[in-house]
Amino acid sequence: MLTAHMAAPARFVADFQEHICQLIEQQKAIPQIVYVCRREAKKLLKPIADRLQIKLKTTRVLPLVEDGKKSLLGHLGKR
């Protein structure tokens, strides 16, 4: 569920939460658990997680994100 979305600073929180809800709708599935590294991310996701009964768990590393970063950096380095 990795995507990018631009938002104006004044509308960031509302736009972010709306975008997350749209992603969940597109997947046609509500995740049971969402892992986050940062408190800020947990705070942004908490209202949605509470409404949809999604558990939020804090972790030090998000392996898929780290793999994606390595792959992207490796690809960019080959140019």
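Here are some friendly notes on the structure above, point by point.

1. Ground rules. This is a predicted model, where local features need pLDDT of at least 70, side-chain atom pairs count only at pLDDT 80 or more, and totals for chains, interfaces and linings use all residues. Residues are numbered from 1 along each chain as its sequence is written, and side-chain values use heavy atoms, with hydrogens and water left out.

2. Confidence. pLDDT is the predictor's confidence in each residue, from 0 to 100. The protein chain has a mean of 89, with 94% of its residues at 70 or more. Strand E2 (residues 55-58) has the highest confidence, at 96, while helix H3 (residues 63-77) has the lowest, at a mean of 87. Helices (H or I, at least four residues) and strands (E, at least two) are DSSP runs, numbered from the N terminus.

3. The core. A nonpolar core here is a set of buried Ala, Val, Leu, Ile, Met, Phe, Trp, Tyr and Cys residues joined through side-chain atoms within 4.5 Å. The largest one has 9 residues: Ile20, Leu23, Ile24, Val36, Leu45, Ile48, Ala49, Ile54 and Leu56. At least two of this core's residues come from each of helix H1 (12-27) and helix H2 (39-52). Beyond its neighbours within four places in sequence, Ala49 is in contact (heavy atoms within 4.5 Å) with Ile54 and Leu56.

4. Helix H1. With 16 residues, H1 spans 22 Å from first C-alpha to last, close to the 22 Å expected at 1.5 Å a residue; the expected span is 1.5 Å times one less than the number of residues. Its buried residues are Asp15, Gln17, His19, Ile20, Leu23 and Ile24, and the buried residues of H1 pack against H2. Buried means under 20% relative accessible area, exposed over 50%, and partly exposed in between (1.4 Å probe, protein chains only). After H1 comes Lys28, with a positive phi near 55 degrees.

5. Asp15 and Glu18 both lie in helix H1. Glu18 is partly exposed, at 44%.

6. Cysteines. How many disulfides does the model have, taking a disulfide as a pair of cysteine sulfur atoms within 2.5 Å? The count is 0. Cys21 is partly exposed, at 22% relative accessible area, and Cys37 is also partly exposed, at 34%.

Terms used: A disulfide is a pair of cysteine sulfur atoms within 2.5 Å.
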